[in-house]
Amino acid sequence: MTGERTLVIVDAANVVGSVPDGWWRDRHGAAERLRDSLVPYAAEGLPGHAGPVELVLVVEGAARQVASVPGVRVEAASGSGDDLIAALAAAQGVRPCVVVTADRGLRQRAEAYGARCTGPRTVRPLPPPRGI
């Protein structure tokens, strides 16, 4: 371990799509809401990775215009979001890196570069069941 902050790369499309809350009606807005919900993790960290961490939200498609905010850097993929996430993971070398996605193919690619992978629930708990 190098003492550098852990890089946490979040697959916006995959995490947003993990909860059927109507995100498809406003993909840009859904990505902004996800971005804003990630801000506390920058200071607090993730399970197994104490804060502060460097948070990168990778967006694509209709969410490409989402801007960075303090605590969360937004990277817009010009093509495939998965390709950008894999490239970011590859560039980390020995620096700790966590990729947040449920995409099996992307997980395999990121893990090949030494990244640890975790699912969307790490940063986006499921909503409570209806009627509660």
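Let's start with helix α2. It has 18 residues and reaches 27 Å from its first C-alpha to its last, close to the 26 Å expected at 1.5 Å a residue. Keep in mind that this is a predicted model.

The helix covers residues 27–44. It is bent. The bend is about 25°, at L38, and a proline, P40, follows within four residues.

Which residues of α2 are buried? They are G29, A30, A31, L34, R35, L38, Y41 and A42. In an α-helix there are 3.6 residues a turn, so residues three or four places apart point the same way. The buried residues of α2 pack against β1, α1, β2, β4 and β5.

Why does R35 count as buried? Because its relative accessibility is 8%, and the cut-off for buried is under 20%. What does R35 touch, beyond its neighbours within four places in sequence? Its contacts there are L57, V66, A67, V69, V72 and V74.

Now step off the end of the helix. Just after α2 comes G45, with a positive phi of about 85°. Further on, the peptide bond from G51 to P52 is cis, with omega near 0°. P52 sits in the loop between β3 and β4. For background, most residues other than glycine have a negative phi, and most peptide bonds are trans.

Next, the sheet. It is open, with five strands in the order β5-β4-β1-β6-β7, and the pairing is parallel. β5 and β7 stand at the edges with a single partner strand each, so one side of each has no neighbour in the sheet. On average, neighbouring strands are turned by 25° against each other, direction ignored.

Look at one pair in detail. β4 and β5 are joined in the parallel sense over five bridges. V59 has its bridge partner in β5, and that partner is A76.

How do the helices sit on this sheet? α2 lies across β1, β4 and β5, running at about 170° to β4. Helix α4, residues 104–112, lies across β1, β6 and β7, and runs at about 155° to β7.

Last stop, the loop between β4 and β5. G61 lies there. Is G61 buried or partly exposed? Partly exposed, because its relative accessibility is 39%, and that category runs between 20% and 50%. From G61 to V94 is 33 residues in sequence and 31 Å in space, C-alpha to C-alpha.

To recap: a helix with a bend of about 25° at L38, a buried arginine, R35, and a parallel sheet of five strands. Thanks.

Terms used:
Residues are numbered from 1 along each chain as its sequence is written. This is a predicted model: local features need pLDDT of at least 70, side-chain atom pairs count only at pLDDT 80 or more; totals for chains, interfaces and linings use all residues. Side-chain values use heavy atoms; hydrogens and water are left out. Helices (H or I, at least four residues) and strands (E, at least two) are DSSP runs, numbered from the N terminus. Buried means under 20% relative accessible area, exposed over 50%, partly exposed in between (1.4 Å probe, protein chains only). Contact means heavy atoms within 4.5 Å. The expected span of a helix is 1.5 Å times one less than its number of residues. The bend at a residue is the angle between axes fitted to the seven residues ending there and the seven starting there. Two strands pair if DSSP finds at least two bridges between them. Axes are lines fitted to C-alpha atoms, for helices over the stretch in contact, and angles run from 0 to 180 degrees between N-to-C directions.
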